[in-house]
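Please take a moment to look over the sequence and the 3D structure shown here, and then follow the paragraphs below, which move from the DNA strands to the protein chains.

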There are 2 protein chains.
Amino acid sequence: MTIHYKEKTFFTGKDLALSVIGGRWKIAIIWCLLQQSPLRLSEIQRKLPEVNQRMLIRQLRELEEDKIITRSVYPVVPPKVEYQLSEIGLLLEPVVTSICDWGDNFAEFLEEDADKIAVN
Amino acid sequence: MTIHYKEKTFFTGKDLALSVIGGRWKIAIIWCLLQQSPLRLSEIQRKLPEVNQRMLIRQLRELEEDKIITRSVYPVVPPKVEYQLSEIGLLLEPVVTSICDWGDNFAEFLEEDADKIAVN
DNA sequence: TACAATACTGACATATTTGTCACTATATGG
DNA sequence: CCATATAGTGACAAATATGTCAGTATTGTA
């Protein structure tokens, strides 16, 4: 398999996937949109207060370019823009879920580790 | 949930997970070790020729610090060091698998997209 | 006229990650 | 004595990612 995408060459689906979902906040954004959809920019901001707006918009733009999400603009005032996962974006659910699950597991593991040290 | 780890605070397992497996080559390394284990440094290098040695070692060190992999040194000459996934590391299998699967899917999607344009 | 709400963009600074180059150690075989 | 193989390390450069600040547009309402 060889895919040329955005001036780069990928030899595996894995590498291609990572190039697309690897951004600092992308999994978080996708996670939000899996829970509720569509969402307006201001709503995503409220759900992810750690991300500054500029960064959030950049990540959204990249996801849109990569066709992971769609962006719908409503010509009203004040402006209204809605984001939602595309068909291929929705298929990221197992990725997000498995990451969340493993992370919870790892958190437990760290706590047990800390307990062991505390007991000694 | 609040976890303090490596001078940082995490509020979700997802964020914790991403901080640990987010490195440029970490998923690739874990993928290698899921396929075959244990592996020596030189073997991983052969499987991942795009990664330079310095970088590979750094990512291995971090994975070791995070207890995702174990490192066994054999006091022989020339030196022999073996890496393998820990128990918690092995649990990353669903993460790696789902990323690979989605990536393959996305690659197909991109090809179909390209075809559509070619047909028009 | 000024302000509010929403969804941005541009220029730039800073931080973090990644890559490169040169270097070390060791015992064996030639 | 020299080269070889393996598994590194240190110092630094470069690239990339992320964050900050200020500014734009729209139009209904006070």
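A residue is near a molecule or strand if one of its heavy atoms lies within 4 Å of it. The model is predicted, so that local features need pLDDT of at least 70 and side-chain atom pairs count only at pLDDT 80 or more, while totals for chains, interfaces and linings use all residues. Residues are numbered from 1 along each chain as its sequence is written, chains are lettered from A and ligands numbered from 1 in the order in which they are written, and side-chain values use heavy atoms, with hydrogens and water left out.

Of the atoms of DNA strand C that lie within 4 Å of the protein, 62% belong to sugar or phosphate, and the rest belong to bases. Around DNA strand C there are 21 residues, of which A:Arg54, A:Arg71, A:Tyr83, B:Arg24 and B:Arg58 come nearest. Helix 3 (41-47), helix 4 and strand 5 (80-85) of chain A, together with helix 4 of chain B, are the elements that give two or more residues to the surface near DNA strand C; here helices (H or I, at least four residues) and strands (E, at least two) are DSSP runs, numbered from the N terminus.

DNA strand D is surrounded by 21 residues, the closest being A:Arg24, A:Arg58, B:Arg54, B:Arg71 and B:Tyr83. Sugar and phosphate make up 59% of the atoms of DNA strand D that come within 4 Å of the protein.

How are the two protein chains related to each other? A rotation of 180 degrees, with 0.0 Å of shift along its axis, superposes chain B on chain A with an RMSD of 0.1 Å, where copies are superposed by least squares on the C-alpha atoms of residues with pLDDT of at least 70 in both. The two copies are thus related as by a two-fold rotation axis. Among the residues of chain B, B:Val95 comes closest to the rotation axis, with its C-alpha at 3.0 Å. The copies meet through the same surface, because 100% of the interface residues of chain B are also interface residues in chain A.

Helix 1 (residues 13-21) of chain A packs against helix 6 (residues 93-119) of chain B at an angle of about 85 degrees, with the axes 7 Å apart; axes are lines fitted to C-alpha atoms, for helices over the stretch in contact, and angles run from 0 to 180 degrees between N-to-C directions. The residues meeting there include A:Leu16 and B:Trp102, contact meaning heavy atoms within 4.5 Å.
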